[in-house]
Amino acid sequence: MNQRKQSPLHTRIFAGLVLGAALGGVASALAGSNRAGLDWLVDNVTEPAGRIFLRLLLMVVIPLVFCSLALAAAGMGDLRRLGRVGLKTLLYTLIVSGLSVVVGLTLANIIRPGERVDPETRAELVERYRGDAERLAPPAGGGRLLENLVPDNPLASMTRNPPDMIGIMFFAIIFGLALILIPEERAAPVTALLEGVYQAVARIIDLVMRVAPYGVFALLFTMTARFGFSLLESLLWFVLAVIAGLAFQQFVVYSLILRFLARVSPLDFMRRIKTVILTAFSTSSSNATLPTALRVAQEELHLPRGISHFVLTIGATANQNGTALYEGVTVLFLAQIFGVDLTVSQQMLLMVLAILSGVGTAGVPSGSIPFIMLILQQVNVPMEGIAIIVGIDRILDMCRTVLNVTGDLVAATYISRTESPQPELSVAPAATH
């Protein structure tokens with residue numbers, strides 16, 4: 001007997017989104033003023049189910065952040081051995097990731113999708129989650145922010161509620177850099193342990209996402225049962241802001257880098273990497289796309305093997321422009337919904353956290369969700385607000401993964417060009433005068 005082939009995960013998540021939103025909205029409309037039964041169902045069934053799903057993601061954040069950033073810092077030893085190639089890769093990653101976050105925050109500040117929620121609905125949301133916001137410390141600024149970079153007790157930073165993400169990130173980077181300074185034979189077991197924990201955590205995220213259709217259904221049913229369909233219009237504006245930011249980075253920023261820095265034709269470049277783009281979109285995973293990207297770099301772009309292999313391998317984890325942009329837009333969107341007015345200095349903190357989170361995010365589907373939840377806590381926005389966007393995350397994940405892997409290939413092309421005035425690139429060069 002033939003087994004029925006299961007539909008793709010992103011299709012099931014989208015089905016959970018649509019079904020949960022539709023049933024919740026219909027139930028809210030039918031209940032009218034007699035909401036006792038519906039309120040009981042939401043309070044005792046769907047809301048707890050949705051919170052359990054979010055907690056399953058949140059529980060892996062601390063080991064994920066620490067291991068990923070410590071490993072990235074420890075990998076600086078390879079960057080050092082590669083000399084200027086490593087330095088160029090590091091600087092390129094930081095600059096272009098920062099630029100992508102600026103693009104996203106600019107669009108979110110212009111479009112302001114979170115303020116397009118009906119005022120009455122927003123007031124209900126703020127009232128509902130006021131307790132969560134009040135227990136969070138106000139975001140630090142100025143000299144206090146610099147002081148808070150250095151934790152006096154890293155373990156206390158991890159056990160605090162909410163965790164001190166800035167302190168954890170700082171300690172993880174210092175710990176990883178320290179591994180470079182001790183003999184390799186002593187650092188190797190520690191690095192192997194960190195790698196094992198990182199892989200296990202990434203696997204947990206993958207397993208949790210298998211129940212995502214049910215978690216998304218519960219979250220969206222809860223939201224629309226309480227607040228009706230008014231949130232969905234704001235969600236459409238949020239999607240517009242994210243896709244517009246991703247498109248600008250993909251077709252404007254990357255094209256400028258290719259034409260004026262790498263000196264190759266952007267159109268020809270995009271045509272040659274179409275297999276990578278399709279693989280990234282379908283898998284939503286930078287890690288899963290890496291073998292295809294390595295092959296395309298060799299066979300289609302004809303990049304030097306040593307440089308392309310190094311840049312693409314590092315980039316699969318560290319150079320995640322799309323993820324950084326998405327996290328910035330998401331946090332600002334939810335801050336707007338909950339009436340949290342982030343100042344310029346706080347948005348700069350958000351940019352730094354988004355860049356570091358892009359480095360630390362696991363290259364697996366929906367790997368950025370746990371990071372967004374903790375960034376929300378750092379800027380005094382209720383973590384539970386993530387429920388508003390979880391349902392559509394997988395769709396946007398497919399889009400931002402395309403930007404991530406394209407950015408890796410753009411970086412490899414640019415760095416190859418700078419290392420050799422006449423590289424082996426067969427991509428048609430841009431016209432020169």
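A residue counts as buried when its relative accessible area is under 20%. By that cut-off, 54% of the 433 residues in this protein chain are buried. The model is predicted. Its secondary structure comes to 21 helices and zero strands.

**The whole chain**

- The protein chain exposes about 19200 Å². Carbon and sulfur atoms supply 64% of that area.
- Consider the contacts in the chain with a separation of 6 or more: residues 24 or more positions apart account for 84% of them.

**Thr 279, a buried residue**

- Thr 279 lies in helix H15, which covers residues 274–283.
- Its relative accessibility is 18%, so Thr 279 counts as buried; the cut-off is under 20%.
- A polar atom of the Thr 279 side chain lies 2.8 Å from the backbone oxygen of Thr 275.
- Thr 279 is also in contact with Thr 289 and Thr 292, leaving aside its neighbours within four places in sequence.

- Phe 248 lies in helix H13, which covers residues 230–262.
- Its relative accessibility is 39%, so Phe 248 counts as partly exposed; that class sits between the 20% and 50% cut-offs.

Notes: Residues are numbered from 1 along each chain as its sequence is written. This is a predicted model: local features need pLDDT of at least 70, side-chain atom pairs count only at pLDDT 80 or more; totals for chains, interfaces and linings use all residues. Side-chain values use heavy atoms; hydrogens and water are left out. Helices (H or I, at least four residues) and strands (E, at least two) are DSSP runs, numbered from the N terminus. Buried means under 20% relative accessible area, exposed over 50%, partly exposed in between (1.4 Å probe, protein chains only). Contact means heavy atoms within 4.5 Å. Accessible areas come from the Shrake-Rupley method with a 1.4 Å probe; for residues, only the protein chains shown count as cover. A polar contact is a pair of N or O atoms within 3.5 Å; within protein, one must be able to donate a hydrogen and the other to accept it, and residues adjacent in sequence count only if both atoms are side-chain atoms.
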